[in-house]
Structures are given as structure tokens and as C-alpha cells.
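Reader: I am new to this structure and would like to learn how to read it. Could you take me through it step by step?
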Amino acid sequence: MAGTASEPKRLKRNFGLLAALGAILVLAGIVGLVYTGLATLTSMLLFGWLLLIGGVVGLIHAIESRGSDYFWLAVVVAALNIAAGVVVIRHPEGSAETLTLFAALLFLTGGLFRLMGALVVRGPQFGWTLLQGAVGLLLGILVLANWPESSRYVLGLFFSLALLFDGLGLIAIGVGGRRIVRMVSDPPVSDPPVSDPPA
């Protein structure tokens with residue numbers, strides 16, 4: 001019985017931790033939106049370290065599975081990840097320029113294909129697909145028109161917005177989860193029994 005009684009408390013605490021983590025992410029996202037240049041450098045350094053750590057882990061895994069058919073492929077992929085991580089960490093500004101150009105080209109081509117697909121197919125989501133294509137095309141043109149200066153803030157802006165929306169989602173899950181646990185665990189208060197009047 002004690003275990004079942006402590007379960008709602010543990011769930012409330014876990015949901016509370018989720019909400020606290022969400023608040024930290026929201027705060028980080030707001031700071032990143034204010035200092036987009038710093039957020040760009042931070043996101044590039046994080047990306048570089050993730051590539052480096054992933055490459056090292058992949059290399060260790062490849063060495064452990066030597067003799068398998070995909071050994072050399074795993075070694076090559078791990079080496080490429082390590083090399084890319086080192087380059088990004090040592091040259092975050094140049095890497096940001098390259099990734100910003102790549103993102104702009106993705107926006108441009110994705111928006112163009114969505115526009116063409118919406119105009120050709122004219123399905124039930126015609127208006128929404130058309131709007132998505134137009135926004136993607138406009139974003140690609142805006143980023144390309146101001147490149148490479150746009151590389152100082154574009155990635156930081158996207159990174160900060162991702163932190164902000166992820167944080168808001170975690171806060172919503174944490175607060176909603178605590179409310180649901182409270183509703184399920186707290187027994188409803190029943191009215192006291194009404195006694196019969198004396199005869």
C-alpha cells in the first residue's frame with residue numbers, strides 16, 4: 001500500500017522536473033533570441049562536439065564488431081564524423097556560413113517543390129501547401145540575399161526558437177501531467193451522510 005501511495009508523489013515530482021526543464025529551455029531560448037550571434041556559435045560548437053563524440057562512439061563500436069561485413073563502412077563513417085566535428089569546432093564561423101547556405105538552398109528548393117506540387121495536384125490541402133511553399137521560398141530568398149552576413153544569426157535564431165518551443169511543450173506536459181495525477185490520485189470528497197430527523 002505504501003508503494004502505491006508514493007507512486008502519485010513520484011509522478012508529480014517527475015512532471016515537476018519536466019516543467020522545470022521546460023522553464024530552463026524557455027529561458028535559454030529567450031536569451032538566444034536576444035543574442036543570436038552567441039546562439040549561432042553555441043549551436044555550432046554543440047553540433048561539432050556531437051559529431052566528434054558520435055564519431056568516437058561509432059569508431060569504438062566498429063572496432064568491437066571487426067570481422068563483420070560492414071566494418072570498413074562503419075570505420076569510414078566514424079572517421080568522417082570525427083573529421084567534420086574537428087572542423088566545426090575549430091572553425092565555427094565558417095561552418096555556420098556553410099550550413100546557412102545549405103539551409104537556404106533547402107528552403108528554396110523545398111518551397112519551390114511545394115509550390116509546384118500544390119499548383120499541379122490541387123489536393124484538399126491546397127491552400128496550406130501553397131502557403132508553406134511560399135514561406136519556404138521567401139525564407140530561402142531572404143537568407144541567400146543577405147549571405148554570408150545572415151549566417152551570423154540565422155542558425156542561432158532557429159536554434160533559439162527550437163529551444164523555446166521545446167521548453168513550452170515540456171512545461172505544458174509537466175503542468176498537465178501534474179494536474180492529471182492530482183485528479184486521479186485525490187479521492188473525491190463525498191458529502192456527509194444525512195441522518196433521519198428524530199420522530
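Predicted model: local features only at pLDDT ≥ 70, side-chain atom pairs only at ≥ 80, totals over all residues.
Author: Gladly! Let us start with what we call a helix: here it is a DSSP run of H or I with at least four residues, and helices are numbered from the N terminus.

Reader: How many helices and strands does the protein chain have?

Author: The protein chain has six helices and zero strands. Along the sequence, the pattern reads α-α-α-α-α-α.

Reader: Back to S160, then. Is S160 buried or exposed?

Author: A residue counts as buried when its relative accessible area is under 20%. S160 has a relative accessible area of 1%, so it is buried. Neighbours within four places in sequence aside, S160 touches G29, G32, L33 and A39.

Reader: What share of the protein chain counts as buried?

Author: Of its 199 residues, 24% are buried. As for the surface, the protein chain exposes about 13,600 Å², and 74% of that comes from carbon and sulfur atoms.

Reader: Which residues make up the largest nonpolar core?

Author: There are five: M44, L51, V88, A96 and L155. Take A96 as an example. Leaving out residues up to four places away in sequence, A96 is in contact with T40, M44, S151 and L155.

Reader: Now a single helix, please. How do I check the span of helix α3?

Author: Helix α3 runs over residues 71–90, and at 1.5 Å a residue its 20 residues should span 28 Å. The C-alpha atoms at its ends are 29 Å apart, which agrees.

Reader: Which residues of α3 are buried?

Author: In α3, the buried residues are F71, V75, A78, G85 and V88. They lie on the same side of α3, because they cover an arc of only 165 degrees around the axis. These buried residues pack against α2 (36–64) and α4 (92–121). On the face of α3 turned away from the buried side, you will find the exposed residues W72, L73, L80 and R90.

Reader: Let me try α5. Which of its residues are buried?

Author: In α5 they are G133, G136, G140 and V143. Their arc around the axis is only 105 degrees, which means they sit on the same side of α5. The face turned away from that side carries the exposed residues L138, L142 and A145.

Reader: How far apart in space are G169 and A19?

Author: Their C-alpha atoms are 8.9 Å apart, although 150 residues separate them in sequence. G169 is in helix α6 and is partly exposed, with a relative accessible area of 32%.

How values were computed. Residues numbered from 1 in each chain as written. Heavy atoms only, no water. Core = buried A, V, L, I, M, F, W, Y, C linked by side-chain atoms within 4.5 Å. Buried < 20%, exposed > 50% of the residue type's maximum accessible area, 1.4 Å probe, protein only. Contact = heavy atoms within 4.5 Å. Helix = DSSP H or I, 4+ residues; strand = E, 2+ residues; numbered from the N terminus. Areas by Shrake-Rupley, 256 points an atom, 1.4 Å probe, with all protein chains shown as cover. Expected span 1.5 Å × (residues − 1). Arc of directions from axis to C-beta.
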